[in-house]
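User: I would like to learn how to read a ligand site and a metal site in a model. Please begin with the terms.

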Amino acid sequence: MLDMKNERWLMEKYNALSDAERGEYALISLKIKRFRVFNRLYNRELGNALVEKVYEALQEWLQPGEYAAQIHLNYFNLLVRISKNYEEIFQYVIRLNQQIRDMPDERFHGKVFCGFGIYHLTREPVDFYIAQYNADVCRSECAERDFKNSHFDVYGQSYHDPVLRDYDLEQIIQPALQRGDLQLYLQPKVDLRTGEVTRAEALIRWIDPQRGMIPVSDFLPMLESTGLIDRVDLHTFEVVCRTINRWLRVYNKKIQISVNLSHCMFNYRYYFDDYRKIHEKYRTPKECIEFELLESIVLNQVERLRQVVDELHNYGFTCSLDDFGSGFSSYSVLSNADLSMLKIDSSLFQNESNPREKVLIRHIVQSAHELGIMVVAEGVETQKYVDYLRQLGCDFLQGFVFYRPMPVEEFEERFVRGNEKVRFS
Ligand code: C2E
Ligand code: CA
Ligand code: CA
């Protein structure tokens with residue numbers, strides 16, 4: 001019997017990758033298709049021999065520093081360096097598939113078909129099981145579509161069966177909501193004049209007991225499309241109200257927290273009744289609550305935007321325009337609604353050496369200020385932008401250069417109980 005490496009071994013290799021290395025790797029979920037049929041048609045011995053042959057073919061395929069393991073029977077995982085370009089991935093999988101299909105063993109030659117799911121790792125650490133799950137999801141989604149041949153799919157680039165995928169997630173998310181696995185995180189907004197933190201954005205995090213933290217982009221679209229986001233957002237809003245009140249009572253500190261208004265809520269005529277009911281229960285100081293409206297949902301709906309903003313404003317809450325500069329930004333949105341804050345999207349802070357970008361940033365800050373609107377720069381990761389934004393008189397900065405989103409308890413410890421602040425040189 002061949003001694004095949006197992007899941008635990010692969011997980012160790014996975015965990016040993018440095019942040020920089022990880023950015024170059026992908027995790028491939030590979031399954032031999034119709035394995036049960038193969039077993040029945042021939043026999044179990046030959047089935048086992050096939051699995052070993054595939055494992056050998058994979059070993060031959062790997063480059064130094066790349067790994068493969070048998071996870072279960074006819075199911076393997078590979079950790080390989082692979083391009084992010086779809087055409088190159090396509091060529092890669094075709095060659096890998098040939099290597100397996102054309103094994104120099106006439107018992108198997110030309111008889112093996114595989115499914116591949118490819119998940120590119122990022123520099124940001126992701127739990128091994130999440131990477132594996134993501135690779136599995138995109139492999140299994142199109143498994144039935146092309147039953148007779150090999151097939152592959154790349155995570156995040158195309159989904160062939162979103163309904164199936166959503167169905168799976170819906171089964172998991174309901175109990176997760178009840179268990180309280182969806183938790184509130186806060187990302188500080190740093191005052192660029194004083195370095196103090198008296199504001200934050202509320203962001204949701206899904207922490208699964210087995211899988212660890214699940215990326216927002218993996219479940220938020222599903223929450224939106226199923227309408228479950230309303231429940232999550234109203235729950236978040238309630239926690240936010242309670243938290244602000246407690247900090248005021250215990251520490252005598254006023255912290256402003258902004259919440260994201262989802263697409264569904266924005267389009268729902270009576271959305272505000274739900275928020276009002278919760279607020280009436282807690283009577284949180286209204287100036288401590290801000291609603292963030294996404295540029296992408298308000299575009300072309302200036303009339304609706306005005307209604308929503310007026311409703312929130314008349315009640316006493318403030319509003320900000322989120323992701324400004326990310327899409328087809330429209331200055332008419334700024335001139336038509338009573339906004340207090342504008343959030344410049346992270347896409348404008350990607351290339352420090354681009355003088356054109358700087359011109360845009362400067363004009364956005366100036367225009368907003370002339371309209372009496374304050375500005376938050378979002379997604380800033382480098383000191384150079386900090387210096388530039390301070391020089392422009394931008395009001396707040398929310399970005400990894402200072403702080404990542406953190407659990408409420410940590411925020412409390414550092415900025416409410418404590419007085420941590422950023423010191424500018
Ligand atoms: P957003 O409202 O634009 O939130 C800011 C996003 O940028 C957050 O991602 C945050 O972690 C990320 N970010 C902040 N600073 C940096 C930085 O310096 N570098 C990089 N690379 N990223 C940075 P997150 O938490 O993954 O959320 C993604 C989006 O999902 C949010 O974008 C928001 O639109 C939506 N979202 C998150 N939580 C909720 C929620 O509770 N309700 C609703 N309706 N939407 C939510
Ligand atoms: Ca936001
Ligand atoms: Ca944003």
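Analyst: A polar contact is a pair of N or O atoms within 3.5 Å; within protein, one must be able to donate a hydrogen and the other to accept it, and residues adjacent in sequence count only if both atoms are side-chain atoms. This is a predicted model, where local features need pLDDT of at least 70, side-chain atom pairs count only at pLDDT 80 or more, and totals for chains, interfaces and linings use all residues; side-chain values use heavy atoms, without hydrogens and water. Residues are numbered from 1 along each chain as its sequence is written, while chains are lettered from A and ligands numbered from 1 in the order in which they are written.

User: Which side chains have polar atoms at an oxygen atom of ligand 1?

Analyst: Among them is D322, with a side-chain N or O atom 3.0 Å from an oxygen atom of ligand 1. For E201 the distance is 3.1 Å, and for D323 it is 3.2 Å.

User: What are the protein donors of the calcium ion (ligand 3)?

Analyst: Donors are N, O and S atoms within 2.8 Å of the metal (3.2 Å for Na, K and Ca); water is not among the atoms, so sites may look incomplete. Here the protein donors are D322 (OD), D323 (OD) and E378 (OE), at 2.0 to 2.4 Å from the calcium ion (ligand 3). D322 also bridges to the calcium ion (ligand 2), and the two ions lie 4.1 Å apart.

User: Is E378 buried or exposed?

Analyst: Buried means under 20% relative accessible area, exposed over 50%, and partly exposed in between (1.4 Å probe, protein chains only). E378 is buried at 12%, whereas D323 is partly exposed at 22%.
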